Number of protein chains: 4
Amino acid sequence: MPQSALRHEIAHLGHVELFTPAPEQSLEFFVNVLGLTENGTDGDSVYLRTWDDYEHHSLKLTAAATSGVGRTALRASSEEALNRRVLALEERGLGVGWADGDTGIGPTYVFRDPDGHELELYWETERYDPPEHLRPALKNQAQAYPGRGVGVRRLDHVNYLAQESEVNGQFICEALGGRVTEQIRLDTGVISGQWTHFAQKSYDIVYTNDWTGSNGRLHHIAFTADTRDDILRAADIALDSGVHIETGPHKHAIQQTFFLYLYEPGGNRVELCNPTARLVTAPDWEPVTWTEAERARGQAWGLKTIESFHTHGTPPVA
Amino acid sequence: MPQSALRHEIAHLGHVELFTPAPEQSLEFFVNVLGLTENGTDGDSVYLRTWDDYEHHSLKLTAAATSGVGRTALRASSEEALNRRVLALEERGLGVGWADGDTGIGPTYVFRDPDGHELELYWETERYDPPEHLRPALKNQAQAYPGRGVGVRRLDHVNYLAQESEVNGQFICEALGGRVTEQIRLDTGVISGQWTHFAQKSYDIVYTNDWTGSNGRLHHIAFTADTRDDILRAADIALDSGVHIETGPHKHAIQQTFFLYLYEPGGNRVELCNPTARLVTAPDWEPVTWTEAERARGQAWGLKTIESFHTHGTPPVA
Amino acid sequence: MPQSALRHEIAHLGHVELFTPAPEQSLEFFVNVLGLTENGTDGDSVYLRTWDDYEHHSLKLTAAATSGVGRTALRASSEEALNRRVLALEERGLGVGWADGDTGIGPTYVFRDPDGHELELYWETERYDPPEHLRPALKNQAQAYPGRGVGVRRLDHVNYLAQESEVNGQFICEALGGRVTEQIRLDTGVISGQWTHFAQKSYDIVYTNDWTGSNGRLHHIAFTADTRDDILRAADIALDSGVHIETGPHKHAIQQTFFLYLYEPGGNRVELCNPTARLVTAPDWEPVTWTEAERARGQAWGLKTIESFHTHGTPPVA
Amino acid sequence: MPQSALRHEIAHLGHVELFTPAPEQSLEFFVNVLGLTENGTDGDSVYLRTWDDYEHHSLKLTAAATSGVGRTALRASSEEALNRRVLALEERGLGVGWADGDTGIGPTYVFRDPDGHELELYWETERYDPPEHLRPALKNQAQAYPGRGVGVRRLDHVNYLAQESEVNGQFICEALGGRVTEQIRLDTGVISGQWTHFAQKSYDIVYTNDWTGSNGRLHHIAFTADTRDDILRAADIALDSGVHIETGPHKHAIQQTFFLYLYEPGGNRVELCNPTARLVTAPDWEPVTWTEAERARGQAWGLKTIESFHTHGTPPVA
């Protein structure tokens, strides 16, 4: 299959499941601080959606003994693409198998990345139809804009921790048609972080090395807000809501994302980011590789990378 | 008394009373759309405060048969200044008399401007002490920033309608030590609008001519938000909250205020404005006078002044 | 060929040629008001680039007897895609033929849309290598950010006028793999405007009906700025630079673009828009169709569509 | 004299003189990075103005052997106020004497604060009359808005280093009618920083303790920009202009100023700040006192105060 066709087999990141040992406080955080909207429950899980999501939910928040990331769902770009990707996953021995879809989606194929994170791929989806009180004034919008908390627009990306970022990034590229847009190469030659994307948006799935040597952990999930001002306002909201601000607002050198990192009450790191999409339009984009020396200069405007960025992941490990 | 001393007799606009025939909906608007916080009730009135107000309340919302403005409270810059202003008001025959202060303020002197709007002047005030759940993270802030609706910072100004703007503007200057910063002069020589201020902020009390020849009516009250982005976001919130947007966001030529005009459910016009303060620092500032021809060019970036701006005031008249 | 593969045959809008009867003033506008950077000349043309463009130029400004749009260049997503599209164009009898590429690009295939606008398709391109004084601090950026004028990031879209929008929009979809994301349907059933896109960005090529019945004319070209604040600041810059502001800043209902429309000195309409990219991620997005009644409500926050929006196009016609 | 009258003897900070050992590069910085406009020269000095300044200049940039601050000019609120303040200064033995005013101002009274910084007080001033090419579109604006660099609006404040902040802050209050709005009290009881203001704007003159025990040095001068977005954009401009970013953008806990600190090429620290004015409207505002423990928490959103903030002042000392 030619590269350009492979590239668009995955349409976009659909939703992600997050585990929390503090389900009530986490729910309060996502609803009132980030501004997500509840859209049903299932057992110990609550479905939550950002206002610009055309599907059923963006986040599945699940009560659990500890924190961390559950299953991440990717939407295929067609039914054929879905079937082609299943074959590729089975060839690699990473498939788990077909399952009935979660609420809002059709049949889904569950698989694992080499590091063990669980993902799923689906094609059929239920287009969100808002109830009367959430109906937007403009028909090209999925849901009314909530005047509550930060008002994040969309789930933006997932940043996994992995024993070997490169092995996992390569898997995303070869099995799913992703591309590496940026990466970090240590002086030893080891790739310690890889940013991959599926379409024009410059990254969707990120791997960074887990200093503990554990498997399947999460660095952070990220939601996008409409403006850099929204991110600054988010910091003010976090401050007066008692939410832990880890670092920011500032601008990353890598991907030039304007960021704010918070810890939700369950302990998981959540990034708020802008722009809503930095585009990589070139179909032959060459990955940008950052050296240790370049990373030592800190973030775009000089902020040093905070120590906990290299030590905090979920679930916590001894 | 020298001009410079007279100038600072009034410290700032304290709060304003607004009448509404739709008290529940109006309350919902001020609390959830603008983001004010309730701070007690008194009979048919609810006290509401912006988060940056150091006093008890910024707005007194009173259920009434119709819309319009009630009493506007100004804080004197000292007890002596208060007493001096009372003498000046009595000399002009515009005093109504001393009254026990409203909740949160001490003895207050009630008076009327020549057009009949009721105002009051006070010195003693109760500094706001937030309850635990509204305590701000930073001690130089009056109240926690609410992550709700627009989150307006402060009551900014009151724009009265009057039969003769100039007579009333002159009253503000001569009796209270205000200064005219900008005004509109019609081709007939009539001053049809006057912007007056008490300190560095470029306007606090505005008069514009009432086309109906009525007395004591309101054009609008205004709240300031922190950024121009907050005003844009306010338009998004209004749109999806079903609040009537009259005009804006755009930038006024006069005072260069970035504005958005809404009608609260009781029918009163409410402006959201930025910056939080345009400074007129010059103690000898010469009023800027706009001609009809200049006004015909529209607002700063060319938006034509909306027709209802010249026909809607509260309470409505036949 | 399956739909999903066809869809990504075009990678993105490359650059556009604009004709101007006032070349010096137009150049001054693009360099000092919008903040583009000169990158060479060719006869009567000057090449100009936005700072985030990875290719040689974003705009070719050509001195001419009158205003209007010259050739629009699209980059194919691969050499194979280019060849496949050439076949499709030839089948439709709309091909003009292969030409040597313009400065910065390789062999290019020239063609016309049904309305007669000239376009070209290319694959080979020269990656921009900035001279020392334009070298960016961050290596994932094409060129240093210019602290000059608006500082637009990227050429965003072209809006052509056409006798029949639908015929042309259909051509973009069938011959080039575009998709319609939004459109206007008059009460007569006529589609009077169509917004098409090639990838995740929600529109790249727009057709709106030409009220004069002419062919090959331009409604506007658009550049994206990073924030809504940049657009507001652009209005301030335009105001004090003597640039004609046609309408805005405001937010479109269609596509929800925050906009400002200017006339460059040659008479062509130029839009400044934000966000940098509104994403349409769904591979099965259903076109949003706006009725006349919905259009009559004006733009997102209620601004009425300005009359000249329906009467000004370039080149002017009698 | 009653307190309230004394309070307004000083109208505002007029302008400041800065010494630079790199006059050409400093001039380039102020003109092209900050966006100031030249307004004449005098010997080794260049006069520069922000676009919202109604007077002749905001900054006098003087070539010198080393960096540091020259004379700071304050405008009195009237001729009488000027004369009263001169008496008060002479009583304290801190007067230097009357001098012919600098370009643009009338007779001026030169004096020193206890730490030895030179200041002057004046009443007469020349209102700025822009040349044709700098004439603004709106008549309530001093000068056309420059689309160049950051485009700072106004000189905001001066932050001196002093052996004893409290002695100097007290001098500003007692001799000039300033008020302390915020301060830092060390565990030893020593006041290590004091923020004083003259009118509604929450600070104009700041003193922080000089760790070297030197006299008459400068911590920074500050210019205000219109939005927090302007400050973020300023960081992007600084980054690609090779200007040293010391810290920020972030929000101070003290005064809640959104800030960015740069070093201009002559070595002086320059702050860019927003909002354009945080108001302290209360005439009986009680100073907010920060403890060491509170300061240890860092800035508003948690950024640790950068080490050089406590070690870099101008001129440098051994």
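In strand E8 of chain D, Glu118(D) is the bridge partner of Arg112(D). This pairing belongs to a predicted model, in which strand E7 (residues 108-112) of chain D runs antiparallel to E8(D) and is joined to it over five bridges. E7(D) and E8(D) form a hairpin with five residues between them, and within the turn Gly116(D) adopts a positive phi of about 105°. Of the five residues of E8(D), which spans residues 118-122, four are buried, so the strand is largely enclosed by the rest of the structure.

Contacts between chains were examined for chain C and chain A. The two chains meet through 43 residues of chain C and 43 residues of chain A, and the area buried between them is about 3,700 Å², with carbon and sulfur atoms giving 53% of it. On the side of chain C, the residues that lose the most area to chain A are Lys139(C), Asn140(C) and Gln200(C), which together account for 17% of what that side buries.

A salt bridge is formed by Lys139(A) with Glu294(C), where the closest N and O atoms lie 3.0 Å apart. The elements of chain C that give two or more residues to the side touching chain A are strand E1 (10-20), strand E5 (68-76), helix H5 (228-241) and strand E17 (288-291); E17(C) provides the largest share, with three residues. When the residues on this side of chain C are sorted by class, 17 are nonpolar, 14 are polar and twelve are charged.

Within chain A, helix H2 covers residues 23-33, and its buried residues are Ser26(A), Leu27(A), Phe29(A), Phe30(A), Val31(A) and Val33(A). Just after H2(A), a positive phi of about 90° is taken by Gly35(A).

How values were computed
Residues are numbered from 1 along each chain as its sequence is written. Chains are lettered from A and ligands numbered from 1 in the order in which they are written. This is a predicted model: local features need pLDDT of at least 70, side-chain atom pairs count only at pLDDT 80 or more; totals for chains, interfaces and linings use all residues. Side-chain values use heavy atoms; hydrogens and water are left out. Contact means heavy atoms within 4.5 Å. Buried area is the accessible area (1.4 Å probe) that two parts lose on being put together, summed over both. A salt bridge is a side-chain nitrogen of Lys or Arg within 4 Å of a carboxyl oxygen of Asp or Glu. Ala, Val, Leu, Ile, Met, Phe, Trp, Tyr, Cys and Pro count as nonpolar, Asp, Glu, Lys and Arg as charged, and the others, Gly among them, as polar. Buried means under 20% relative accessible area, exposed over 50%, partly exposed in between (1.4 Å probe, protein chains only). Two strands pair if DSSP finds at least two bridges between them.
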